[in-house]
Amino acid sequence: MITVHHLNNSRSQRVLWLLEELELPYEIVHYQRDPKTMLAPPSLRAVHPLGKSPVVTTTDGLVLAESGAILESLIERHGNGRMAPAAGTSEALRYRYWMHYAEGSAMPPLLLKLMFDRIEKAKMPFFAKPIAKGIASKAKAAFIMPNITNHLNFMEAELGKSEWFAGADFSGADIQMSFPVEAAVARGGLDAKRPKLMAYLERIHARPAYQRALERGGPYGLLS
């Protein structure tokens with residue numbers, strides 16, 4: 001049996017979605033963020049030393065962390081030809097690229113945007129607030145938002161080549177890429193001006209497995 005150690009409003013929602021696509025039985029252990037710090041509870045460290053989600057454990061003693069590694073491992077073990085292009089094809093290369101691009105390139109500027117947004121809104125002495133807001137505003141304008149815009153333009157152009165990120169067929173790469181695209185809607189300025197990305201979101205939201213994962217995982221936000 002597969003157990004998903006699921007933190008609310010986190011990347012572990014992607015793992016639930018994949019398991020639903022593969023129609024695999026699984027259990028969920030729910031964890032809640034600290035309402036003040038928004039960090040994972042210490043109890044997650046008993047599962048994995050970093051104390052972060054997602055983490056997947058199995059009855060045969062396997063412990064998997066990192067969403068991309070979890071998705072790839074589950075697809076290799078249980079996909080039976082589903083959710084990944086055939087080895088040696090150009091689609092397989094695209095699949096591998098997007099599986100790593102999601103967290104390695106797309107998410108860092110979106111996380112920086114979240115951090116600097118919080119700095120602007122944080123409580124602090126009145127004399128420090130203008131300085132902090134000024135630094136945050138300049139960082140976002142000079143570095144963060146131009147990077148996000150560059151990535152969004154790139155993803156939009158790539159989806160102009162095929163319906164899904166790795167090619168004509170839906171794959172694990174689309175599940176992995178869902179998080180940065182959703183995050184870009186929430187805080188990166190993604191809107192109808194990029195119709196290919198917005199259509200991609202409509203397609204994934206309409207998938208029954210996506211909807212089942214939401215039902216089992218609970219409300220889905222984008223805090224990490």
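Contact, for this talk, means heavy atoms within 4.5 Å. One caution before I start: this is a predicted model.

Let's take helix 6, residues 195–205. Which of the residues of helix 6 are buried? They are L197, Y200, L201 and I204. Look down the axis.

Now the pairing with helix 4. Helix 4 runs over residues 129–159. Its axis and that of helix 6 come within 8 Å. They cross at roughly 70 degrees. Angles of 65 to 115 degrees count as roughly perpendicular, so that is how helix 4 and helix 6 stand to each other.

Who makes the contact? From helix 4, we have L152, M155, E156 and L159. From helix 6, P195, K196, L197 and Y200. By class, that contact has 6 nonpolar residues, 2 charged and no polar. Note L197 and Y200: they belong to the buried set of helix 6, and they also take part in the contact with helix 4.

Last stop, R11. Find R11 in the loop between strand 1, residues 2–7, and helix 1. Is R11 buried or exposed? Buried means under 20% relative accessible area. R11 has 13% relative accessibility, so R11 counts as buried. What does its side chain meet? The side chain of E103, through a polar contact of 3.0 Å.

Key: Residues numbered from 1 in each chain as written. Predicted model: local features only at pLDDT ≥ 70, side-chain atom pairs only at ≥ 80, totals over all residues. Heavy atoms only, no water. Axes fitted to C-alpha atoms, helices over the stretch in contact; angles between N-to-C directions. Helix = DSSP H or I, 4+ residues; strand = E, 2+ residues; numbered from the N terminus. Parallel < 35°, antiparallel > 145°, perpendicular 65-115°, else oblique. Nonpolar A, V, L, I, M, F, W, Y, C, P; charged D, E, K, R; others polar. Buried < 20%, exposed > 50% of the residue type's maximum accessible area, 1.4 Å probe, protein only. Polar contact = N/O pair within 3.5 Å; in protein donor to acceptor, adjacent residues only side chain to side chain.
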